[in-house]
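This report looks at model confidence, then at a sheet, and finally at a helix and its surroundings.

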Amino acid sequence: MVGFVGKRVLHGLVSIVGASILIFVISRLSGDPIVLMLPVEAPPHVIEAMRRNLGLDLPLWRQYLIFAGHALTGDFGMSYRWQTPALDLVLDRLPATIELAVAGLVFSVCLAVPLGVLSAVHRGSWIDTVGKGFAMLGQAMPGFWVGLLLILVFSIRLNWLPAFGHGGISHLIMPAIALGWYPVAAQTRIVRSAMLDVLESDYIRMGRALGAPERVLVWKYAFRNAAVPLVTMLGVYFASMLGGAFVIEVIFAWPGLGRTVVEAVFSRDFPVVQAGVLFTSILFVTCNLLVDLSYGLIDPRIRRDG
Amino acid sequence: MAEGAFAQAQPAGPPVAQSRPRFGRVRRLFRNGLPIGPLLLFGMVVIAGLSGDGLAPHDPGALNLGAAFRPPAWLAGGSAAHLFGTDNLGRDIFSRVIVGANIALVVAAYAIVLSGTVGALVGMVAGFFGGAVDALVMRLVDIQMSIPSLALALVLAAVLNPGLSTVVIVITITYWTWYARIIRGEILSLKERDYVALARVAGVSTPVIFARHLLPNILNTLLVLATLQIGQVIIFEASLSFLGLGIQSPDVSWGLMLADARNYIQNAWWAITIPGVAIALTCLSANLIGDWLRDTIDPKRRQL
Amino acid sequence: MLRMRAHALAAVTLAGMTAPALAQDAKGSLTVAFAAEGTVLDPAKYSAGVDHYFIGQMYEQLVRPGLNLEPTNWLAESWKVTDPETKPVLEVALRKGVTFHNGDPLTSEDFEFAYQRLRDPKVSRWSHLQANVERFEIVDDHTFRIHFKEPDGDYIAQWLQLWAVPKKYFERVGEEGFTKAPVGTGPWKYVSRSVKEELKLEAYDGYWNKQHRPKVKNLTIKIIPEDLTRVAAFKTGAVDWIDGVPPSMVEEFKTLPGVKTLSVVSGNNLYIDFPSYKPDSPFNKVKVRQAVAHAVDMDAIIKTVLFGQGERYAEVGKGATGYDPDLKPYPYDVRKARELLREAGYPSGFETPCYNLTTPREPNVKEMGEAVFAYLGAVGIRCRVQGLEYGAWINLGRRGRSGPPEMDGVLSWMWSQNLPGDPATPWGGHLHSFVAGKGWGSYSYTADEKADAMVEQLKSTMVPEKRVALIKEIARYKRDNVLGGWTTYRPVITLAWRDKVEFTPWAYPGYWRGFQEIGLKQ
């Protein structure tokens, strides 16, 4: 078991270091930040001085080693645009993104579980069809468009919900729907097929034969077992929510990490791009690691490969 | 969007027990016949896409400042000349939706062929040879999957300068891992089959094993994956274009149309609704076809 | 701009400034909302116009435009330039009785400190603007001299550059401490800030200007980048003052009961450039350039694409240094444009790449570009349009880069040089020809010897009256020959506030967002 955990943790670390190199290199190929930082009239010697000052004149590998060395001490450099530590900007934004990702996940699971269970119980009926249609619809619409439609209807026309920004629950509803509808289809499918298997298992049949009420059988016994596959997948879904937040945050002016990184890409603010992407990667890798480890705990056979 | 990350995350799912064949009404419909609706719908999109400007009643880029914000034909103030109304510059939305189909399909076709080919090749090689090659490939896949796909795509798009070819490259880079992982898994199990093992023992050359025994067995999977990817690619392209790092004006993309219309959400709801409906219907029909394919020719892969 | 003028005439002029006025203590609280925020709170780290939105509340300069946009001595009681033609010396007498928010009196030392920081490329992004300064001389607590190596007109054009920063305080708290608790001489004291959310300020009781000062005690500036949210926040009463009313909603806002609006130029100047310096380019011919200027119905574009939120200008905007009311933009005249093209040897027109900025640096700037290109197509200048996001756009526009792509067609571009604006520095960048390594023409697609000579002369002219005359002369030459691009419009922003707010708009610093005078009606 220790070996298994150690190997997985090592793989995770390799992923994070690799991701940091990848993002470092391509962000630096994406254009000259100096041009965006200095006034257009700035003469060449000033531009060169600035480049030296920021260490952008060094070979890429040396720039990376310097970056990595500092990053290990928690120093991700100063944001070119905000002229404050990039790490502070990122850490300030991280909670809002996590809040949004959790809200999106809660929304999707709250939809997927009843849909999956009902469509399994009423397999082949209209409930199954409608449930599937609803889930498929979410998978066919870009989240940002869902967000815009929600704003159009619930903010502009009906004036029920605040269109943008960060605040109480009312601010969370629309971004959570826009973010959480997409994975409903896949989650429903997981719950549905797990439920179908459990419902046909011997002990449920036995329960049925013994006259236990169907509702108790479905929700108390069958669902408990059927929920396992979905629960083990929650980490993966949470990670996908973090990725999805990049566009949704822009739509809803959500003061999160995604919007910050998108803006930083546009202004070639490398320190913020690096710190922002790296922290998202760490979250990603951690989530996936937890998922892997939980499989390992549930099913010892998995420990052998990978 | 979550699409990329989400799609990649899927194959990591737990081993859900396979169910026995079921014959629900919906399923029986699929068993007995084609998904007529989705096929028709998707066919229409393909025709629109192939026709390009041909079907468009107006020049999709032509400005008419005097005719801005005309509502769709079925509303008061609308006219038959502009079926879906006009946008803020008086451009005909119907024509732009048709031309947008072309870009969406071109991007999807190139991106799917490229990422499918690269991913399948890498996956086959990694799965078949195992060892160091496999470890290297899997670490690469891990690294890429640990970066949110949209963040990676945004930075890449900034490097390559936004535009059609950049979008294709970015999507290829984002999705090859998806194919590689799944195909690798397939190959791992195929490799253990007796006839493959026998062929190897008998000294059949590796290219022949690939061509005769492996490739035919993964074609079904590839077909299903590719069909399921259409919707994801279209949404991914729309998201990139929406953020300003995808298709660039004057090219027409549904995502770009949404970005443009966003400022006038109060003046012209149709401008923000219609391109989105086009995306949704296209993706929905592609996904339904993909589902049907998966259930029909490869029922084991219900979890994709 | 027209509305602004009317307002300004009615307002009190700055003449009787030192007269003891009724200095009521400020009371109450007010919340306002901006679409964008300043990135830094230290004037030496200023990087772009938006930084004024915050810096302009807390810090002050020696000179600024008054309510009628005329240059007005501010922290300077008086200033003069001796020997302006050869080795100029700028002598400044500081206003007495000015204190920083921490109570320290303002002295010459503080300005020397400000100068030292501004010229340090490690601190400032504008160190090149101090390149012609030879030394800074402190005469006494309230007098200092800046000695120049050679005449530098840009120094005058930019309100004498320096911002008052408290030397003693800064040295005590250090750079980081200063960023966390900035101190200036301005009407507003820093309270707290949350990036991307808000800036809280408090009226400074010891403010030196008893006449033009805030009449409300607490001010919260919310940052709401999304147009619809900002508008919603205003309509629901969460904020009482907003900037950047979306162009498509300006008409509606003007009719809202109990709401005042003000439409003013934003400080940006847009133009369409082309490679006139290239001998093989059609734009090398003056008639082709004039054809461009006649081909586009800019008024129609302003009316429909920009919802009226633009002001046409010819070379120098209304109110800016050297504005010439007799200099008119080219009229829209398709026939004339075609005729000019024919005379230039392009009877059937020609094809050209056209580069458009797609990032909304100004409202609807992408759509504006597309409309301009469409008009060009109508007279035969057929565009192959290429959209560029901001980073790629800046990169394309700059001269002296190594490697492709080269700007070889029509380019939608812009310049900004504070408010009401002075074209000298920008002209050095895009009217003067490109000279590698010298800083001239860093985004120029023009090469005209006469224009070069005049721009260089302007750079070395430090006497304000002479500068105005020279700017007018250059503007006329520039317009007639369509050099340094064809000037299109200046974006207009609309501010809105509720009736209960008393707001006097000051253009600069702050680009109309400086709350020099704001209060609540009693």
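## Confidence

The term pLDDT denotes the predictor's confidence in each residue, on a scale from 0 to 100. The structure is a predicted model, and chain A averages a pLDDT of 86, with 96% of its residues scoring at least 70. Among the elements of chain A, the highest mean pLDDT, 93, belongs to helix 4 of chain A (residues 60-72), and the lowest, 82, to helix 10 of chain A (residues 202-209). Where pLDDT is low, the predicted coordinates should not be read in detail.

## The five-stranded sheet of chain C

In chain C, five strands form an open sheet in the order 16-15-17-13-18, and their pairing is mixed. The edges are strand 16 (381-388) and strand 18 (486-487) of chain C, each of which pairs on one side only. Within the sheet, strand 15 (residues 350-357) and strand 17 (residues 410-416) of chain C are paired in the parallel sense over two bridges, and C:Cys354 has C:Val410, in strand 17 of chain C, as its bridge partner.

Helix 11 of chain C (residues 365-379) lies across strands 13 (268-273), 15, 16 and 17 of chain C, and runs at about 160° to strand 16 of chain C.

## Helix 6 of chain C

Helix 6 of chain C (residues 227-235) is mostly covered, with eight of its nine residues buried; among them are C:Asp227, C:Arg230 and C:Phe234. The elements covering these buried residues include strand 1 (27-34), strand 11 (241-242) and strand 19 (489-498) of chain C. After helix 6 of chain C comes C:Gly237, which has a positive phi, near 90°.

How values were computed: Residues are numbered from 1 along each chain as its sequence is written. Chains are lettered from A and ligands numbered from 1 in the order in which they are written. This is a predicted model: local features need pLDDT of at least 70, side-chain atom pairs count only at pLDDT 80 or more; totals for chains, interfaces and linings use all residues. Two strands pair if DSSP finds at least two bridges between them. Helices (H or I, at least four residues) and strands (E, at least two) are DSSP runs, numbered from the N terminus. Two residues are in contact if their C-beta atoms, placed from the backbone, lie within 7 Å. Axes are lines fitted to C-alpha atoms, for helices over the stretch in contact, and angles run from 0 to 180 degrees between N-to-C directions. A residue is buried if 20 or more other C-beta atoms lie within 10 Å of its own, exposed if 12 or fewer, and partly exposed in between; C-beta atoms are placed from the backbone.
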